[in-house]
Amino acid sequence: MRKLWRLLLAVGLIAALSLGAVACGDDDDDSASEEITLTGEDTTLALDETLAGLLARNDVTVEPIAPATASDDGIMFPITGGTINSESLVGTIEHSGGLRFSADGETVEVTDFVIDTSADTLTATADGEQLPLLGVNLGDIARSSDGDIILLEGITTTLVPEAAVVLNDAFGVVFFSEGVEVGDVTIRATAS
């Protein structure tokens, strides 16, 4: 366990990491990396102020679905699992909880978020189906550690076309569109 955390701390000295560049690097770069299993903590979504204002003006409410919770920092989704490469961070991060969008008596619930860092996407379950929900921009990611916690910051998200269609259809609106900035994401994860 100590060896793994020493490896993570050494990698944590890199202030910014472009996952695309690392994933396309030489195979020799992967010799010190290993797959790690995520065991807990949370991912926080701080909703973009422009989007929050747009939702409020159109009487669309957004609230967490337990065990997700809301705080001044944003909406926190517990990490339930996933595996990532200790060096490149390529892999998946699984969550419980979700979001409930409501307007004019209509409700759309999206739960069980999965961030796929190789595809730069966040998918969710909606009506029993997997739905691409957000594009995840990892270009400005900053990595550090806080004790045994891996901290990833500088992640931004945008709405993808499939999610925009579902939300517009459900609420009879047209303001959800591809590329709308959803908010900033911070990941705090523990691993075994």
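Q: What covers the buried residues of α4?
A: The cover includes β7 (98–103), β8 (106–116), β10 (129–137) and β12 (149–159). This is a predicted model, in which local features need pLDDT of at least 70 and side-chain atom pairs count only at pLDDT 80 or more, while totals for chains, interfaces and linings use all residues. Residues are numbered from 1 along each chain as its sequence is written, and side-chain values use heavy atoms, with hydrogens and water left out.

Q: Which residues of α4 are buried?
A: In α4, which spans residues 161–171, they are Ala 163, Ala 164, Leu 167, Asn 168 and Phe 171. Seen down the axis of α4, these buried residues fall within an arc of 125°, so they line one face of the helix; the arc is that of the directions from the helix axis to the C-beta atoms. Buried means under 20% relative accessible area, exposed over 50%, and partly exposed in between, with a 1.4 Å probe and protein chains only. Helices (H or I, at least four residues) and strands (E, at least two) are DSSP runs, numbered from the N terminus.

Q: And what follows α4?
A: Gly 172 follows α4, and its phi is positive, near 65°.

Q: Which residues have the most contacts inside the largest nonpolar core?
A: They are Leu 159, Phe 171, Phe 176 and Ile 187, in a core of 47 residues. Such a core is a set of buried Ala, Val, Leu, Ile, Met, Phe, Trp, Tyr and Cys residues joined through side-chain atoms within 4.5 Å.

Q: Which strand gives the most to this core?
A: That is β13 (residues 181–191), with five residues.

Q: What is Phe 176 in contact with?
A: Leaving aside neighbours within four places in sequence, Phe 176 is in contact (heavy atoms within 4.5 Å) with Leu 55, Leu 159, Ala 164, Leu 167, Asn 168 and Phe 171. Phe 176 counts as buried, at 5% relative accessibility.

Q: Switching to charges, how many salt bridges are there?
A: The count comes to three, where a salt bridge is a side-chain nitrogen of Lys or Arg within 4 Å of a carboxyl oxygen of Asp or Glu.

Q: Where are Arg 100 and Glu 63 in the chain?
A: Arg 100 lies in strand β7 and Glu 63 in strand β2 (residues 61–65), 37 residues apart. Their salt bridge has its closest N and O atoms 3.2 Å apart, and Arg 100 also meets Glu 109 in a salt bridge at 2.7 Å, N to O.

Q: Is Glu 109 buried or partly exposed?
A: Glu 109 is partly exposed at 38% relative accessibility, as are Arg 100 at 22% and Glu 63 at 35%.

Q: What about Asp 146 and Arg 188?
A: Their side chains meet in a salt bridge at 3.8 Å, N to O. Asp 146 lies in strand β11 (residues 142–146) and Arg 188 in β13, so the pair ties together parts that are 42 residues apart in sequence. Shared partners join Glu 63, Arg 100 and Glu 109 into one network of salt bridges.

Q: Last topic: how many aromatic pairs does the structure hold?
A: The structure holds two. Rings of Phe, Tyr and Trp (its six-membered ring) pair if their centres lie within 6.5 Å; planes under 30 degrees apart count as stacked, over 60 as edge-to-face and the rest as tilted. Phe 77 and Phe 113 form an edge-to-face pair, 4.9 Å centre to centre with 70° between the planes, and both are buried. Phe 175 and Phe 176 form a tilted pair, 4.6 Å centre to centre with 35° between the planes.
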